[in-house]
Amino acid sequence: MKSFKRTVAGVLVAAGVAAGSLVGTAPAQAEVPNLRLTGNVACQFGAAGTEWKNAWSMTRHIRVTAYGADFPNVTLQEINGARKFAKTLKRGQFLEIRTTWFGCFPSSISGYTISDYAENLTDNAGFWWNLRRIENPFNRFSPSTGSAGGSSTGGGVNVAGSPAIPGR
């Protein structure tokens, strides 16, 4: 009788541990619902498919992506700028505001996102910037280099008629 009770107790403990393991791991495998805002401000030269007259360009963008759930009534707002809205932003989908123009100079982008669902708000707002002005390296003797409008910084070596590299 003693061994029967021990066997039954052992089976019950094993079943309890197994059930507890399954219940304990299920929430950890689910993705927590979250809207996440990301952004960037970058200068580029010679992107594939770009006409040479527009090869030197600045791009700023902010993007909100839905993780772990579908979010109703999502607004992406650039501060003092564009706004995008989605009636439903499905899991894995995103809204994006992107601006590109010729030339590279200091710029920034900031914004926020919101929806009808309460979720982690610590990653729903952001500010991105670059602080460099970069002259076109193929236009070394441009009359705008060194103009009275301010100093220019950026690529190349320190040669007369060429922008200076900061700290040199």
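Strands are DSSP runs of E with at least two residues, numbered from the N terminus. The model shown in these close-up views is predicted.

**View 1. Ile114 and its nonpolar neighbours on the surface.** Ile114 is found in strand 6. Together with Ile79 and Tyr112, Ile114 forms a nonpolar patch on the surface. The accessible area of these three residues together is about 260 Å². Ile114 has a relative accessibility of 46% and counts as partly exposed, because that class lies between the limits of 20% and 50%.

**View 2. A salt bridge between Arg36 and Asp123.** The side chains of Arg36 and Asp123 meet here, with an N to O distance of 3.6 Å. This falls under the rule for a salt bridge, because the cut-off is 4 Å between a side-chain nitrogen of Lys or Arg and a carboxyl oxygen of Asp or Glu. Arg36 belongs to strand 1 (residues 34–45), whereas Asp123 sits in the loop between strand 6 (107–114) and strand 7 (125–130), so the pair ties together parts that are 87 residues apart in sequence. Arg36 is partly exposed, at a relative accessible area of 34%. Asp123, in contrast, is buried, at 16%.

**View 3. A salt bridge between Arg63 and Glu96.** The closest N and O atoms of Arg63 and Glu96 are 3.2 Å apart, and the two residues form a salt bridge. Distant parts of the chain are linked by this pair: Arg63 is in strand 2 (residues 56–67) and Glu96 in strand 5 (residues 94–102), 33 residues apart. The relative accessible area of Arg63 is 25%, which makes this residue partly exposed. Glu96 counts as buried, with 18% relative accessibility.

**View 4. Glu96 and Arg98, and the network around them.** A further salt bridge joins the side chains of Glu96 and Arg98, at 3.1 Å from N to O. Arg98 is partly exposed, with a relative accessible area of 46%. Through salt bridges that share partners, Arg63, Glu96 and Arg98 are joined into one network.

**View 5. The salt bridges taken together.** The count of salt bridges comes to 4. Among them are the pairs Arg36 with Asp123, Arg63 with Glu96, and Glu96 with Arg98. Side chains of opposite charge can pair when their charged atoms come close.

Conventions. Residues are numbered from 1 along each chain as its sequence is written. This is a predicted model: local features need pLDDT of at least 70, side-chain atom pairs count only at pLDDT 80 or more; totals for chains, interfaces and linings use all residues. Side-chain values use heavy atoms; hydrogens and water are left out. Helices (H or I, at least four residues) and strands (E, at least two) are DSSP runs, numbered from the N terminus. Buried means under 20% relative accessible area, exposed over 50%, partly exposed in between (1.4 Å probe, protein chains only). Patches are made of residues with over 30% relative accessible area and no salt bridge: like charges are joined within 9 Å, nonpolar side chains (Val, Leu, Ile, Met, Phe, Trp, Tyr) within 5 Å. Accessible areas come from the Shrake-Rupley method with a 1.4 Å probe; for residues, only the protein chains shown count as cover.
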